[in-house]
Amino acid sequence: MASRVLPLVFMGSPVLRAAAKPIPKSVFASGEIARLAGDMFATMESSNAVGLAAPQIGETLRMFVMDAPYERAKRKAKKCDEDGATPSIRRVVCNPRVVQASSDEEFGLEGCLSIPGLLAFVPRSHQISVRFHDEHGKEEEMDLEGFPARVFLHELDHLDGVLMTERIRTTRHLLMDSEIETFFEALEQDAPAKNAVYGKVATQVLL
């Protein structure tokens, strides 16, 4: 059966505020999770996103999919492998948990399919160690850092009913997607002045 692009759920829906339910071991054997993962990847890719959590399609399951580049594409250059594709971590993540997280945080620019048009500078741990089950119920352990760690933590928040807007330090760290180029141009022209307003954001997001 071909994978389907599913309708998204947007901010304001109660499902995005609820804690998702763990997936029982018995469910994996049915193939239901693998089929749902295929639909979630199709939905994610149709929007050029790097992650999608089950609550974002109305499913209260502790599950998300991700396809996160090891190094996020810069605005002026993109690192690719020999085949022209950006190396990434592509996983189906079920019943995830973070077993260790670094104390050092980095600000990074995040978007969310459930909050279209809005971007946020969010502080996240730079390195994490995680455990989860894949779509077949097999347990996996991974060490993630940088952008893949950010994607994992963003999607994990969705499973706990938390949106990126609740992670920001100040509303000055919110901006509209339509203004992103204007923002970076202004930041590059007057970084010292902007640093006084945006703190670490100014030094960490200049690409």
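Which strands does α2 lie across, and at about what angle does it run to β2? α2 lies across β1, β2 and β3, running at about 45 degrees to β2. This is a predicted model, in which local features need pLDDT of at least 70 and side-chain atom pairs count only at pLDDT 80 or more, while totals for chains, interfaces and linings use all residues. Residues are numbered from 1 along each chain as its sequence is written, and side-chain values use heavy atoms, with hydrogens and water left out.

**Overall make-up**

- The protein has six helices and eight strands; helices (H or I, at least four residues) and strands (E, at least two) are DSSP runs, numbered from the N terminus.
- From the N terminus on, the order of elements is α-α-β-β-β-β-β-β-β-α-β-α-α-α.
- Of the 207 residues in the protein, 45% are buried; buried means under 20% relative accessible area, exposed over 50%, and partly exposed in between, with a 1.4 Å probe and protein chains only.
- Among contacts between residues at least 6 apart in sequence, 67% join residues at least 24 apart, a contact being heavy atoms within 4.5 Å.

**Five-stranded sheet**

- An open sheet of five strands has the order β1-β2-β3-β6-β7, with antiparallel pairing; two strands pair if DSSP finds at least two bridges between them.
- β1 and β7 (139-145) are at the edges with a single partner strand each, so one side of each has no neighbour in the sheet.
- On average, neighbouring strands of this sheet are turned by 40 degrees against each other, direction ignored.
- Axes here are lines fitted to C-alpha atoms, for helices over the stretch in contact, and angles run from 0 to 180 degrees between N-to-C directions.
- Strand β2 (residues 63-69) pairs with β3 in the antiparallel sense over seven bridges, and A68 has I89 in β3 as its bridge partner.
- α3 packs on the sheet and touches β1, β2, β3, β6 (127-133) and β7, its direction making about 160 degrees with that of β2.

**Three-stranded sheet**

- Three strands form a further open sheet in the order β4-β5-β8, with antiparallel pairing.
- Its edge strands are β4 and β8 (174-176), each of which pairs on one side only.
- The twist from one strand to the next averages 30 degrees.
- Strands β4 (residues 105-111) and β5 (residues 118-125) pair in the antiparallel sense over seven bridges, and S125 in β5 is the bridge partner of E105.
- The hairpin of β4 and β5 has six residues between the strands, and G117 in this hairpin takes a positive phi near 90 degrees.
- β5 and β8 are joined in the antiparallel sense over three bridges, with L119 opposite L175 in β8.
- Helix α4 (residues 180-189) packs on this sheet, touching β4, β5 and β8, and its direction makes about 125 degrees with that of β8.
- Helix α3 (residues 147-159) lies across β4 and β5 and runs at about 105 degrees to β5.

- Most residues other than glycine have a negative phi.
- N48, which is not a glycine, has a positive phi of about 55 degrees; N48 lies in the loop between α2 (32-46) and β1 (51-53) and is exposed at 72% relative accessibility.
- N95 has a positive phi near 50 degrees; N95 lies in strand β3 (residues 88-101) and is buried, with a relative accessible area of 19%.

**Cavity and pocket**

- On a 1 Å grid over the protein atoms alone, a cavity is a set of points where a 1.4 Å probe fits but cannot get out, and a pocket is an open set with protein on both sides within 12 Å along at least five of seven lines; lining residues have an atom within 4 Å of a point.
- Grid points are joined across faces, edges and corners, and a volume is the space filled by probe spheres set on the points.
- One cavity of 30 Å³ or more is found in the whole structure, and the largest cavity has a volume of about 30 Å³.
- The largest cavity is lined by C112, R124, H154, D157, H158, V162, L163 and M164, and α3 gives the most to this lining, with three residues.
- By class, the lining of the largest cavity has four nonpolar, two polar and two charged residues; Ala, Val, Leu, Ile, Met, Phe, Trp, Tyr, Cys and Pro count as nonpolar, Asp, Glu, Lys and Arg as charged, and the others, Gly among them, as polar.
- The second largest pocket holds about 170 Å³ of space, and its lining divides into four nonpolar, one polar and five charged residues.
- Residues lining the second largest pocket include M1, R4, E32, R35, D39 and E59.
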